[in-house]
Structure formats: C-alpha cells, structure tokens
Amino acid sequence: MSRNLVETILGALVLAVAIGFLLWAYGRSTAGDPGGYQLRAKFERVDGLEVGGDVRISGIKVGKVLAQQLDPQTFRAEITFSVRNGIELPADSSAAIASTSLLGGKYLSLVPGGDDRILGNGGEITLTQSSINLEDLVGRYIFGQGGSQGSGQGAAPQPGA
C-alpha cells in the first residue's frame, strides 16, 4: 500500500515539473503575439514567408508575422504583422520579403522612411517588394542566355568573307 502511495506522489511530482517546464519554455519562446502594435502590407507574392516569421529592421528582430490572407478584390497577399512598442515607423516606410540565406526561410524586412507622420496601430505600409522566386530567376537566366545565342547557323559573318 505504501509503495503505491510513493509511486503516485512521485508520478505527480514528475508531472508537475514537466508542466512547469512547458510553461517556462512557452513564456521564454516567441510563440503567440509578442505584443506591440499591428500593421499591414500587401504583396504580389509572399513565397516562403510563414506565419510566425520574423519582422526585422536592419537585421534586428522587431516583430512577428501574425497572419496571411488573400485580398478577394485585388488577389494580392495581405500580411498582418506586429512591431514592438517604442519603434515608430514613418508613414513612407517600405517592406520587402527577404531571404535569410540562399536555401533558408524568408522574413519581412522593414526600411523606415523619412516622413513626419507615424504609422499607428492598424496602419498599412504601401511601398512593398514581393518575394523573389529563385527558380524563376534561374529559369530566366538559362532561357535568356539560350535565346540570345541563336542556333549557331549563320549567326556571325565568317572572317574574310
């Protein structure tokens, strides 16, 4: 009987420590809304940008991507993101989707403008640059080079002709 009681108490203690660790890890992580104020930006394409991705200014993380949705009228991708309190973005700021590395993920890069007006909660950044698709760039390079070379038949005059 006492052995079952000790096992039950020990199991409850292990469970309490596990729950405490999970709560501590969740509090230290960037899961959930990190606070701050929310902004929006619309892009032609957002390939590789995920909800929960970083929002950075000069490479420093200042926020997080909160949501992605498709605007049914314009068919543009609308990104909702947060920016940490204390960082005031001018109204003429721009947003671009940048790569963390050649094969890595994407993040939202903000470039502050010089306007005197400041974007508030719910504001929209209108100057945007969409995601660059690496496969499209490689395809353009390959087919652009192949098309400009010609077939090799009569493309250049022969010397002395």
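Visitor: How many residues stand between β2 and β3 in their hairpin, and which residue in the turn has a positive phi?

Guide: This is a predicted model. In it, two residues separate β2 from β3 in the hairpin, and Ser-58 in the turn has a positive phi of about 55°. Ser-58 is not a glycine, yet its phi is positive.

Visitor: Is Ser-58 buried or exposed?

Guide: Ser-58 sits in the loop between β2 and β3. Its relative accessibility is 72%, so Ser-58 counts as exposed, the cut-off for that word being over 50%.

Visitor: Which residue takes a positive phi in the hairpin of β3 and β4?

Guide: Phe-75 does, with a phi near 60°, and this hairpin has six residues between its strands. Phe-75 belongs to the loop between β3 and β4. At 59% relative accessibility, Phe-75 counts as exposed.

Visitor: How should I read the pairing of the strands?

Guide: The general idea is that strands of a sheet pair through backbone hydrogen bonds, either parallel or antiparallel. Here β2 and β3 are antiparallel, with four bridges, and Arg-56 stands opposite Lys-61 in β3. Strands β3 (residues 60-70) and β4 (residues 77-83) also run antiparallel and are joined by seven bridges. Two examples from that pair: Ala-67 has Thr-80 as its bridge partner in β4, and Leu-70 has Ala-77.

Visitor: In which sense do β5 and β6 pair, and over how many bridges?

Guide: β5 and β6 pair in the antiparallel sense over six bridges. They form a hairpin with six residues between them, and Ser-99 has Lys-106 as its bridge partner in β6.

Visitor: How do β5 and β8 run, parallel or antiparallel?

Guide: β5 and β8 run parallel, joined by three bridges. Ala-96 stands opposite Gln-129 in β8.

Visitor: In what order do the strands lie in the sheet?

Guide: The order is β7-β1-β4-β3-β2-β6-β5-β8, an open sheet of eight strands with mixed pairing. The edges are held by β7 (123-125) and β8 (127-129); each has a single partner strand, so one side of each is left without a neighbour in the sheet. On average, neighbouring strands of this sheet are turned by 30° against each other, with direction ignored.

Visitor: What pattern does the chain follow along the sequence?

Guide: Read along the sequence, the pattern is α-β-β-β-β-β-β-β-β-α. That comes to two helices and eight strands.

Visitor: Which residues touch the most other members of the largest nonpolar core?

Guide: In general, nonpolar side chains in soluble globular proteins tend to be buried together. The largest nonpolar core in this model has 23 residues, and Phe-81, Leu-108 and Leu-110 touch the most other members. At least two residues of this core come from each of β1 (37-43), β2 (54-57), β3, β4, β5 (94-99) and β6 (106-111).

Visitor: Which residues does Phe-81 touch, not counting those up to four places away in sequence?

Guide: Among them are Tyr-37, Leu-39, Ala-41, Val-55, Val-65, Leu-108, Leu-110 and Ile-125. The list also includes Gln-38, Arg-40 and Lys-64.

Visitor: What share of the chain is buried?

Guide: Buried residues make up 25% of the 161 residues. As for contacts with a separation of 6 or more, residues 24 or more positions apart account for 64% of them.

Visitor: Where is Gly-123 placed?

Guide: Gly-123 is in strand β7. Its relative accessibility is 15%, so Gly-123 counts as buried, the cut-off being under 20%. Beyond its neighbours within four places in sequence, Gly-123 is in contact with Gln-38, Leu-39 and Arg-40. Gly-123 and Thr-80 are 43 residues apart along the chain, and their C-alpha atoms are separated by 9.9 Å.

Visitor: How many aromatic pairs does the structure hold?

Guide: A pair of aromatic rings is described in general by the distance of the centres and the angle of the planes. This structure holds zero aromatic pairs.

Visitor: Which residue lies over the face of Tyr-107?

Guide: Arg-56 does, at 4.3 Å from the ring centre. Arg-56 is also the residue that stands opposite Lys-61 in β3.

Notes:
Residues numbered from 1 in each chain as written. Predicted model: local features only at pLDDT ≥ 70, side-chain atom pairs only at ≥ 80, totals over all residues. Heavy atoms only, no water. Pairing = 2+ DSSP bridges. Axes fitted to C-alpha atoms, helices over the stretch in contact; angles between N-to-C directions. Core = buried A, V, L, I, M, F, W, Y, C linked by side-chain atoms within 4.5 Å. Buried < 20%, exposed > 50% of the residue type's maximum accessible area, 1.4 Å probe, protein only. Contact = heavy atoms within 4.5 Å. Phe/Tyr/Trp six-rings, centres within 6.5 Å; stacked < 30°, edge-to-face > 60°. Lys NZ or Arg CZ within 6 Å of the ring centre and 35° of its normal.
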